[in-house]
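Hello,

Here is the structure you asked about.

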Amino acid sequence: MKTKKIPMRKCVACGENKPKKDLLRIVNNKEEGILIDPTGKKNGRGAYICKDVKCVELAKKNKNISHALSAEINEEIYKEIANYVVDSE
């Protein structure tokens, strides 16, 4: 019997490989600019980040998301990301 392979992606902040369902995708879309893509269906250069406050703060501090998307990330995007993350403490 075949086992279903779980799609894994690397978090731009902590560098851990995690299942896609546990990560949040941020996309640099040509038409819409930088946006959160909870569906995973938007086209564009994407970056994955853990749904964790620590990873968001780390990515923000080190500008990892900006590097991954080849675009400057403004404070509004980080506020949007905060709506999707959970405090792991």
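Strand β3 gives the most to the lining of the largest pocket, with 3 residues. Please keep in mind that this is a predicted model. The volume of the largest pocket is about 190 Å³. Its lining includes K20, K21, L23, L24 and R25, and D37, P38, T39 and G40 are also among the lining residues. By type, the lining has 5 nonpolar, 2 polar and 5 charged residues.

Next, helix α1. C55, V56 and A59 are its buried residues. They cover an arc of only 100° around the axis, and therefore sit on the same side of α1. K54 and K61 are exposed, on the face turned away from that buried side. The cover over the buried residues of α1 includes β5 (45-50), α2 and α3. At the N-terminal end, D52 caps α1, with a side-chain oxygen 2.7 Å from the backbone nitrogen of K54. Just after α1 comes K63, which has a positive phi of about 60°.

Then helix α3, which spans residues 75-82. Here I77, Y78 and I81 are buried. Seen down the axis, the buried residues of α3 fall within an arc of 100°, so they line one face of the helix. E76 and K79, on the other side of α3, are exposed. What do the buried residues of α3 pack against? They pack against β3 (23-29), β4 (33-36), α1 (53-62) and α2 (64-69). The N-terminal end of α3 is capped by N74, which has a side-chain oxygen 3.1 Å from the backbone nitrogen of E76.

Regards

Notes: Residues numbered from 1 in each chain as written. Predicted model: local features only at pLDDT ≥ 70, side-chain atom pairs only at ≥ 80, totals over all residues. Heavy atoms only, no water. Buried < 20%, exposed > 50% of the residue type's maximum accessible area, 1.4 Å probe, protein only. Helix = DSSP H or I, 4+ residues; strand = E, 2+ residues; numbered from the N terminus. Arc of directions from axis to C-beta. Contact = heavy atoms within 4.5 Å. Polar contact = N/O pair within 3.5 Å; in protein donor to acceptor, adjacent residues only side chain to side chain. 1 Å grid on protein atoms, 1.4 Å probe; cavity = no way out; pocket = protein on both sides within 12 Å on 5 of 7 lines; lining within 4 Å. Points joined across faces, edges and corners; volume = space filled by probe spheres on them. Nonpolar A, V, L, I, M, F, W, Y, C, P; charged D, E, K, R; others polar.
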